[in-house]
Amino acid sequence: MDTLLPTRFATAARVAAIAPFHVMEVQTAARALEAAGRSVIHMEIGEPDFPTPAPVVAAAQRAIAGGDIYYTSALGIPALRQAIARHYGERLGVTVAPERIVVTAGSSAALLLLMALLVDRDEQVLLSDPGYPCNRHFVRMLEGEPVGIPAGPDTNYQLSADLIERHWSPRTRGVLLASPSNPTGTAVPADEMRRIAATVARLGGRLIVDEIYLGLTYDGGELARPTSVLSAAGADADDLFVVSSFSKYFNMTGWRLGWIVAPERHVRDLEKLAQNLYISPATVSQRAALACFEPETIAILEERRRAFRDRRDFLVPALRELGFGIPVTPSGGFFVYADCSRFAADSQQFCRDVLAQAGVAITPGVDFGTHRAASHVRFAYTIERTKLEEGVARLARFLGGRRPPDG
Ligand SMILES: Cc1ncc(COP(=O)(O)O)c(C=O)c1O
């Protein structure tokens, strides 16, 4: 259609390469059903249902009342950079200098800044397929080439050192992975992460690890300490980039605040890029986030982490019982990536049917790549346990009356 438009209405070629979120289609259809009086169980939503912890809200109110609303350094206020660095020491057992912390406008801005820092035209970035959809678009926006590598249960739906080596080309600039991941909730084991960091370093590329869901991990004893790539990577840790966020573990999605742990020699360039792209992260959000690391706030967040774990421990076996394929138990985040091929050949149509007939909203695999996307759906457990139980009961009734695609 665009080619028929007068030139003055034409848009840049990159726009056509950016896909919308299909989950929004699900959400719009779900809202329309609700407006018509139907009840919908929302298992498509990719953000915590918990409100921002009260001490954080109170800190924001104090900042606003004090008139503290001016631009900050593009790198973030020093007190927050220090608090994040301390958090790595206290919670994750890894020493990080505050000078390596770059506070950003959500991890979305962090990812975009890193692509702007590292990727030249036509350079390739290796990503897992399935994976977080925006990543390939960030690469494309910077005129790079995203390369989705099919990843299955044998590697926890994650890239491995071996996969990276096999897909490396002279044009490859680096690797971007998320652990735990969206949509699978699965993580790269620490020893594999060390091999990945060493392989990327040996091949002369850059490794970016998105740890946005690291705070929300559930395995290894009573909510054990998660392992950051910064400790797993050993000697290579100083050269890699870690992306994280206040959105998920800290329940602050709308505050738009994240951070990068960068090699120190790149911080000045990141500052320059951030200054030009958005001047500084939101001031009120930064002041509020200082309260994230208070023991009172951490106690609230750990309680919620327990709630997420309980939901996972209910949902995964319940979905398996219904016949969904979940070969790897998700260890973090709040997603379950499930094979629905027993019930339907086209997961997008399956999601439409589940919504219309069962009143349960879930996300089709097509949002996360192309590898076996038509046979997968994503469930989010960002709703309370009783609603999850109702969702599973509705699915059971719906699937009970449905024949397998070839049956
Ligand atoms: C894997 C992953 N990375 C990054 C983001 C972006 O989050 P934010 O910009 O809110 O920090 C998301 C959001 O869902 C995500 O799932």
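Predicted model: local features only at pLDDT ≥ 70, side-chain atom pairs only at ≥ 80, totals over all residues.

Student: To start with, how far is an oxygen atom of the ligand from an N or O atom in the side chain of Lys248?

Tutor: The distance between an N or O atom in the side chain of Lys248 and an oxygen atom of the ligand is 2.8 Å. For Ser107, an N or O atom of the side chain is 2.7 Å from a ligand oxygen, and for Asn182, a polar side-chain atom lies 2.9 Å from an oxygen atom of the ligand. On its own the ligand has 400 Å² of accessible area, and the protein covers 92% of that.

Now let us step back to the surroundings. The ligand sits in the largest pocket. Among the residues around the ligand are Gly106, Ser107 and Ser108, together with Tyr132, Asp210, Ile212 and Tyr213. The list also includes Asn182, Ser245, Ser247, Lys248 and Arg256. Helix H5, which spans residues 106-118, gives the largest share of the shell, with three residues.

Pro183 belongs to the loop that links strand S5 (172-178) and helix H8 (190-202). Another cis peptide bond runs from Asp129 to Pro130, with omega near 15°. You can find Pro130 in the loop between strand S3 (124-129) and helix H6 (133-141).

Arg256, one of the residues around the ligand, has its own backbone detail: a positive phi of about 55°, although Arg256 is not a glycine. To find Arg256 in the picture, look in the loop between strand S7 (241-245) and strand S8 (258-261).

Three strands form an open sheet in the order S9-S12-S11, with antiparallel pairing. Strands S9 (335-339) and S11 (363-364) stand at the edges with a single partner strand each, so one side of each has no neighbour in the sheet. Between S9 and S12 (residues 376-380), which run antiparallel, there are five bridges. If you want a spot to begin tracing, Asp339 stands opposite His376 in S12.

Terms used: Residues numbered from 1 in each chain as written. Heavy atoms only, no water. Near = heavy atom within 4 Å. Polar contact = N/O pair within 3.5 Å; in protein donor to acceptor, adjacent residues only side chain to side chain. Areas by Shrake-Rupley, 256 points an atom, 1.4 Å probe, with all protein chains shown as cover. 1 Å grid on protein atoms, 1.4 Å probe; cavity = no way out; pocket = protein on both sides within 12 Å on 5 of 7 lines; lining within 4 Å. Sits in = over half its atoms within 2 Å of the grid points. Helix = DSSP H or I, 4+ residues; strand = E, 2+ residues; numbered from the N terminus. Pairing = 2+ DSSP bridges.
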